[in-house]
Amino acid sequence: MYLPPHDPHVDDPMRFKPLFRIHLMERKCATVECMYGHKGPHNGHIQIVKKDEFSTKCNQTDHHRMSGGRQEEFRTWLREEWGRTLEDIFHEHMQELILMKFIYTSQYDNCLTYRRIYLPPSSPDDLIQPGLFKGTYGSHGLEIVMLSFHGKKAKGTKITGDPNIPAGQQTVEIDLAHPLQLPDIENLRDFSELSRIVLEVQEQVRREEQEREQQQEEEEHSQQAASQPASPLGGEGAEGEETAAGAEGTTQDKAPASQPFVLPMGVISRNEDYPRTCRICFYGTGLIAGHGFTSPERTPGVFVLFDDDRFGFIWLELKSFSLYSRIKVSFQNAQAPSREAFDEMLKNIQSLAT
């Protein structure tokens with residue numbers, strides 16, 4: 001199991017923790033050992049469910065228990081997973097979230113199902129190299145997000161989740177056709193000024209979507225009414241719109257190599273060590289929800305590209321900032337066989353989450 005570094009140190013390397021091991025014996029026999037807990041390896045079981053999927057089961061879950069009971073298990077888990085003690089955490093809401101995560105993860109006793117995920121395919125037009133990133137999520141700690149590019153959109157998909165937004169959900173979506181021009185550094189400190197800029201772009205995006213839907217309805221109506229093939233004018237209009245969006249999207253090529261950046265006053269960040277210059281910003285939306293993924297909604301925000309290995313997202317409604325840093329672990333045989341296979345995998349992990 002690859003664990004993120006301790007919150008909020010996103011630039012630190014990932015941590016490695018073995019969960020099970022297989023001893024290959026003679027005559028095609030094998031023994032499986034569960035590595036979970038603190039009493040050493042013990043008897044386990046692995047089952048191949050179907051292609052690209054398998055399950056593990058511990059046959060001696062008593063090896064996971066500690067003499068001090070659940071309280072000792074929780075304190076040990078907190079020290080290993082978060083790098084801190086319960087006394088270090090003063091925020092009541094954070095204590096509640098951490099306890100929820102412990103209960104959720106420990107109840108399975110290493111009886112888990114594993115499914116293959118692919119790393120996102122890349123193209124020369126991508127803003128940066130797609131891949132896996134560690135990100136700060138407030139009181140939830142660090143989580144793993146997969147950044148992938150889909151034409152004029154970029155998506156950040158959760159590979160690990162929390163009590164609010166489960167793994168598999170699209171945590172952020174970036175609209176590459178709508179770059180944001182940030183105000184100068186002094187005005188950027190004013191949250192209301194940044195909010196005004198973002199909400200103006202949100203309204204522009206809404207109008208463009210309405211126009212596209214209306215144009216599509218008109219084209220479908222004209223195709224049904226006309227006995228002759230539909231006039232190509234509608235198609236040219238659509239192409240023109242796409243070209244315009246594309247031209248707007250290429251604004252990134254004309255952007256300065258870097259510009260000063262600072263978080264507006266009142267925006268909370270777990271990591272104050274974020275870069276003070278950025279390359280370019282885009283309008284985007286972030287997914288928020290209540291506990292148990294209740295009442296999910298997409299809210300406006302700002303995607304901030306710092307460099308090839310770091311980006312950020314300002315959650316406007318939450319007045320919160322997430323900093324993401326690239327995972328530089330090399331994974332073998334993880335490339336998607338095709339773009340279609342990757343898109344299908346994204347769809348599958350999202351359906352599992354819901």
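User: Which helix holds Arg196 and Glu200, and how many residues apart are they?
Analyst: Both sit in helix H4, which covers residues 191–225. They are 4 residues apart, about one turn of the helix. Keep in mind that this is a predicted model.

User: What do their side chains do?
Analyst: Arg196 and Glu200 form a salt bridge, at 2.9 Å from N to O.

User: How many salt bridges does the structure hold?
Analyst: It holds 25. As background, side chains of opposite charge can pair when their charged atoms come close.

User: Which residues are linked in a network?
Analyst: Arg65, Arg70, Glu73 and Asp109 are linked by salt bridges. One of the pairs is Arg65 with Glu73, at 3.3 Å from N to O.

User: And how buried are those two?
Analyst: Glu73 is buried, with 9% relative accessibility. Arg65 is partly exposed, at 29%. The cut-off for buried is under 20%, so Glu73 falls inside it.

User: What does Asp309 pair with?
Analyst: Lys328. The closest N and O atoms of that salt bridge are 3.5 Å apart.

User: Where do the two partners sit in the sequence?
Analyst: Both are in loops. Asp309 is between strand E16 (294–307) and strand E17 (310–315). Lys328 is between strand E18 (320–326) and helix H7 (339–353). The pair therefore ties together parts that are 19 residues apart in sequence.

User: Switching to domains. What are the bounds?
Analyst: The domain assignment gives domain 1 as 2–115. Domain 2 is in two segments, 131–195 and 256–352.

User: How many Å separate their centres?
Analyst: The centres of domain 1 and domain 2 are 27 Å apart, taken over C-alpha atoms.

User: How many residues are in contact across the boundary?
Analyst: From domain 1, 21 residues are in contact with 22 residues of domain 2.

User: What area is buried there?
Analyst: About 1800 Å² is buried between domain 1 and domain 2. Carbon and sulfur atoms give 65% of that. On the domain 1 side, Val10, Met14 and Leu97 lose the most area to domain 2. Together they make up 32% of what that side buries.

User: How many salt bridges between the domains?
Analyst: The count between domain 1 and domain 2 is 2.

User: What about Asp11 and Arg310, what is the N to O distance there?
Analyst: Their side chains meet in a salt bridge with N and O 4.0 Å apart.

User: Now the surface. Which residues make a nonpolar patch?
Analyst: Tyr2, Phe16 and Phe331 make one of about 320 Å². Tyr2 belongs to strand E1, residues 2–3. At 40% relative accessibility, Tyr2 is partly exposed.

User: Where is Val267?
Analyst: In the loop between strand E12 (259–260) and strand E13 (268–269). Val267 is buried, with 11% relative accessibility.

User: What does Val267 touch, leaving out residues up to four places away in sequence?
Analyst: Phe191, Ile314, Lys319, Ser320 and Phe321. Take Ser320: Val267 is 53 residues from Ser320 in sequence, yet their C-alpha atoms are 5.1 Å apart in space.

User: What share of the contacts is between residues 24 or more positions apart?
Analyst: They account for 55% of the contacts with a separation of 6 or more.

User: Last bit, the whole protein. How many helices and strands?
Analyst: There are 7 helices and 18 strands. The C-alpha atoms fill a box of roughly 75 × 55 × 35 Å along the principal axes.

User: And what share of the residues is buried?
Analyst: Of the 354 residues, 41% are buried. The protein exposes about 19800 Å², and carbon and sulfur atoms supply 51% of that area.

How values were computed. Residues are numbered from 1 along each chain as its sequence is written. This is a predicted model: local features need pLDDT of at least 70, side-chain atom pairs count only at pLDDT 80 or more; totals for chains, interfaces and linings use all residues. Side-chain values use heavy atoms; hydrogens and water are left out. Patches are made of residues with over 30% relative accessible area and no salt bridge: like charges are joined within 9 Å, nonpolar side chains (Val, Leu, Ile, Met, Phe, Trp, Tyr) within 5 Å. Accessible areas come from the Shrake-Rupley method with a 1.4 Å probe; for residues, only the protein chains shown count as cover. Helices (H or I, at least four residues) and strands (E, at least two) are DSSP runs, numbered from the N terminus. Buried means under 20% relative accessible area, exposed over 50%, partly exposed in between (1.4 Å probe, protein chains only). Domain bounds come from an automatic or database domain assignment. Contact means heavy atoms within 4.5 Å. Buried area is the accessible area (1.4 Å probe) that two parts lose on being put together, summed over both.
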